[in-house]
Amino acid sequence: MAEENTVATEQAVADREAAPATAGAAAPDDVVLEASGLTKHFAVRKRGRDLLTGTKRSVRAVDDVDLVLRRGRVTALVGESGSGKSTVARLLAQLYPRTGGDIRLHGKSVTVKGGKAFRAYCRQVQMIFQDPFASLNPVHTVRYHLTRALKIHDRAGEDVEQALHDLLTRVQLTPPERYVDKFPHELSGGQRQRVAIARALGADPEALLADEPVSMLDVSIRLGVLNLLRDLKERLHLAILYITHDIASARYFADDTLVMYAGRMVEGGDSETVTQSPAHPYTRLLIESAPDPDRLDPGTGKEPGEVPEEKGAGEPPSLIAPPSGCRFHPRCPAAMQRCETDLPPRFEVDDSPGHWAACWLYDSAVTP
Ligand SMILES: Nc1ncnc2c1ncn2[C@@H]1O[C@H](COP(=O)(O)OP(=O)(O)O)[C@@H](O)[C@H]1O
Ligand SMILES: [Mg+2]
């Protein structure tokens, strides 16, 4: 029985690795995970005054978000800190109950709250967190972490030593014998993040949700970890959500890019188009003001020598009482009157198929 399972899993892995060679057989565009109207409002603890007036306050962290993750593609989700990116990832991982919207795995709506259904879901959708220090238990070795992942996902019937060897090789921690009995503190940040990735792969997932996977790593090793993720995407045909505040890395690493501002998606399209010809004023601001966050002046948050823009230079709004209309309008250099009152839907931008912006500037019904 266990034997059969092993064979089946190995066959599945072999099929997936062979997929690129038989391009026609496995469509690379398969949708793995899809969200529509995804919404999360966190309740805020009531103050005395709210109790009296009966007001319910909430943080509107994510509102009406649509996204699609496809096999063998990296989708970047870009935005400033506090824009709701991690909340989207946690909703997709079913770590939070959602306020509204739908999540579909291979076209089937899923809502899981724990237990067996949650484990089955996790087997297909794995998350990688920002902090590889916090995500590994300091009292356990690499072997323990990876073996546990294999067990949780019912892969302990396989030859465990072989499986550990394969996982470590896959994340380029070679020779595996050098790493398998190490404790987290004996590894560098980059090596730890590779162990965290290996642990995620232990579930043999189809989708990886990587929440700022390199932002806590030294600049010099970020590229290596991103290249590893790209390699996994190509070899295992994973669907990857790559969350980042660094739009430059999205261009380098992601096939598609989505831009989020204050809990809402504002622009999307292929990464080249979104980063080279940004349509939404917020995306333009992101690109102008932070092409590389490592070069920003910590005092001003701007690149040295950059002229601060009057309006764009503001702060993201409170999500307890977000601005009406377009949430970016108070900071937008192109804001028109209707932006203050009317929420812009997605408009197609003509320059490239699939490029859209939620901005009234692209409303073709109005001639500018
Ligand atoms: N568990 C929570 N309870 C209340 N508010 C939260 C919670 N998690 C996140 N938030 C709020 O939701 C907003 C979005 O947060 P987050 O998704 O972490 O953004 P990002 O990852 O883009 O920095 C922030 O205003 C944050 O304070
Ligand atoms: Mg975050």
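This is a predicted model: local features need pLDDT of at least 70, side-chain atom pairs count only at pLDDT 80 or more; totals for chains, interfaces and linings use all residues.
## Overall make-up

The protein chain has 368 residues, and 39% of them count as buried. Its secondary structure comes to 12 helices and 12 strands.

## Around ligand 1

The shell around ligand 1 includes a run from Gly79 and Ser81 through Gly82, Ser83, Gly84, Lys85, Ser86 and Thr87. Phe42, Val59, Ala61 and Leu319 are the other residues there. By class, the shell has seven polar, four nonpolar and one charged residues.

Two elements each supply at least two residues of this shell: strand β2, residues 58-70, and helix α3, residues 85-92. The largest share comes from α3, with three residues.

## Helix pairs

Two packed helices are described by the angle between their axes and the distance between the axes. Helix α8 takes part in both pairs tabulated here.

| Helix pair | Angle | Axis distance | Crossing |
|---|---|---|---|
| α8 and α9 | about 15° | 10 Å | right-handed |
| α6 and α8 | about 25° | 8 Å | right-handed |

Start with α8, residues 189-201, and α9, residues 219-236. Angles under 35 degrees count as roughly parallel. The angle between α8 and α9 is about 15°, and the two helices are therefore roughly parallel to each other. On the α8 side, the contact uses Gly190, Gln193, Arg194 and Ile197. They meet Ile221, Gly224, Val225 and Leu228 of α9. By class, this contact has four nonpolar, three polar and one charged residues.

Now take α6 and α8. Their angle is about 25°. That makes α6 roughly parallel to α8. From α6, the contact draws on Val142, His145, Leu146 and Ala149. From α8, it draws on Val195, Ala198 and Arg199. The residues of this contact divide into five nonpolar, one polar and one charged.

## Backbone features in loops

Three loop residues deserve a look at the backbone level.

The peptide bond between threonine 174 and proline 175 is cis, with omega at about -5°. Proline 175 sits in the loop between α7, residues 160-170, and α8.

Glutamine 94 is not a glycine, yet its phi is positive, at about 60°. Its place is the loop between α3 and β4, residues 100-105. A residue counts as buried if 20 or more other C-beta atoms lie within 10 Å of its own. Glutamine 94 has 21 other C-beta atoms within 10 Å, so it is buried.

Alanine 262 also has a positive phi without being a glycine; here the value is about 45°. The residue lies in the loop between β9, residues 256-261, and β10, residues 264-270. Alanine 262 counts as buried because it has 24 C-beta neighbours inside 10 Å.

Is proline 138 buried or exposed? Proline 138 has 9 C-beta neighbours inside 10 Å, so it counts as exposed. The residue is found in the loop between α5, residues 132-135, and α6, residues 142-152. Beyond its neighbours within four places in sequence, proline 138 is in contact with Phe183, Pro184 and His185. Proline 138 and proline 184 are 46 residues apart in sequence, but their C-alpha atoms are 5.6 Å apart in space.

Cysteine 332 is found in the loop between α12, residues 281-289, and β11, residues 347-348. With 22 C-beta neighbours inside 10 Å, cysteine 332 counts as buried. Along the chain, cysteine 332 and leucine 285 are 47 residues apart. Their C-alpha atoms are separated by 9.0 Å.

Technical notes
Residues are numbered from 1 along each chain as its sequence is written. Chains are lettered from A and ligands numbered from 1 in the order in which they are written. A residue is near a molecule or strand if its C-beta atom, placed from the backbone, lies within 6 Å of it. Helices (H or I, at least four residues) and strands (E, at least two) are DSSP runs, numbered from the N terminus. Ala, Val, Leu, Ile, Met, Phe, Trp, Tyr, Cys and Pro count as nonpolar, Asp, Glu, Lys and Arg as charged, and the others, Gly among them, as polar. Axes are lines fitted to C-alpha atoms, for helices over the stretch in contact, and angles run from 0 to 180 degrees between N-to-C directions. Angles under 35 degrees count as roughly parallel, over 145 as roughly antiparallel, 65 to 115 as roughly perpendicular and the rest as oblique. A crossing is left-handed if the near helix is turned anticlockwise from the far one by less than a right angle, and right-handed if clockwise. Two residues are in contact if their C-beta atoms, placed from the backbone, lie within 7 Å. A residue is buried if 20 or more other C-beta atoms lie within 10 Å of its own, exposed if 12 or fewer, and partly exposed in between; C-beta atoms are placed from the backbone.
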